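Visitor: Hi! I'm new to this one, could you walk me through some of its strands?
Guide: Happy to, let's bring it up.

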Amino acid sequence: MSDQHEAQPGHDVAIQDVAIADDNAQLPARFENPGLPAHHHRMGDTDPIAARRAERQVATLFLISMVATVGFIVAYFAVGDHDVVFVPGMGRIGAQNLWFGLTLGVSLFCIGAGAIHWAKTLMPDEEVIEYRHAMRSSDEDRDGAVATILEGGASSGIGRRPVIKYTLGGALGLFALPLGLQLVGGLGPLPGKDLSTTMWRKGLKLMRDPELTPIKASDVTIGSVFHVMPEGIDKVDDILEEKAKAAVLLMRLNPEDIKVKAELDKGYQGIVAYSKICTHVGCPVGLYEQQTHHLLCPCHQSTFDVTDDCKVIFGPANRPLPQLAITVDADGYLIAQRGFDEAVGPSFWERG
Ligand code: FES
């Protein structure tokens, strides 16, 4: 053990001399045990038979792990890819996967259990104290370091050769530019209007997701909720990006329950469509409480009141969910009157 550490046989002995050993320290040089419980030795520390027993237990766990790993290799070669077995409660499952899971699980468990048992029963159980010394170097060392740097500067002659000094500065300064360009360029193109717009346009049908079938107003009964995407979402190149912005929840309320006239006007006979992207940090607002007409974001529990233009009634979001104005076409299918009147999702710098 180094001079920094000292075995501490028990907490019943007062801890001494633990204060920072700084010549100038104003801290007290010693303090009493603040009340730590007395240290108890384990059986293996005092009884060699118990220690040997623990050793055998640890070795047994490692041996079981080895057997399980061999079982995994055997299963890899002996069990066919398409073999299935019936497991009560789970039904028919792949035999190979079952053996892989079992053998690998047992193997890893026994390694972990063996290591923990080893640490708890056989590894050193001494408690130590560590003397803390000041991190600061002595004045002598510090002066020496400064002198070395100054001496290096003087011997390089850089003070007497300004041309070298300035050209070196220029070379190093310019060298940083490509790195900076790479860093900034690596952030990709500017987003432009991507954050403010979605692919919703006038006349686009509201489509069930994931079937992508159009929805008639008569399909939307009171209390029902539809996860909706714009018509043509499956044809765009960056489908994931568009889906992440354009997702909409469609619900039908009793028109008398809607408190805000603008919400009624943007809806159709009590059917209303709101962005599904939470205005906090953009999680999908996934839960609709039929009885209360509340939409709930599972990420941080922001709650929006659908009867009150999706205003925030709880949680960290600070803007209502944007509403998509909808109507029906000649065949009774729900369509968008236009795109969203505002950006969907969380705040960003350029947002008004
Ligand atoms: S993302 Fe919805 S509450 Fe945080």
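Visitor: How many bridges join β5 to strand β6?
Guide: Three bridges do, and the two strands run antiparallel. Do keep in mind that this is a predicted model. Strand β6 covers residues 225-230, and within β6 the bridge partner of Met207 is Met229.

Visitor: Nice. What order do the strands take in that open sheet?
Guide: The order is β5-β6-β7-β8-β13, five strands with antiparallel pairing. The edge strands are β5 (206-208) and β13, each pairing on one side only.

Visitor: And β8, which strands does it pair with?
Guide: On the one hand there is β7 (residues 248-252), paired with β8 in the antiparallel sense over five bridges; here Leu249 stands opposite Tyr274. Then there is β13 (residues 323-324), also antiparallel to β8, over two bridges. In that pairing Ala273 stands opposite Leu324.

Visitor: Why is β8 largely enclosed?
Guide: Because five of the five residues in β8 (residues 271-275) are buried, the rest of the structure largely encloses this strand. Both faces are covered: Ile271, Ala273 and Ser275 are buried on one side, Val272 and Tyr274 on the other.

Visitor: Switching topic: how do β11 and β12 pair?
Guide: They are antiparallel, with three bridges between β11 (residues 303-305) and β12 (residues 311-314). Phe304 has Val312 as its bridge partner in β12.

Visitor: Which residue in that hairpin takes a positive phi?
Guide: That's Asp309, with a phi near 60°. The hairpin has five residues between its strands.

How values were computed:
Residues numbered from 1 in each chain as written. Predicted model: local features only at pLDDT ≥ 70, side-chain atom pairs only at ≥ 80, totals over all residues. Pairing = 2+ DSSP bridges. Helix = DSSP H or I, 4+ residues; strand = E, 2+ residues; numbered from the N terminus. Buried ≥ 20, exposed ≤ 12 C-beta atoms within 10 Å, placed from the backbone.
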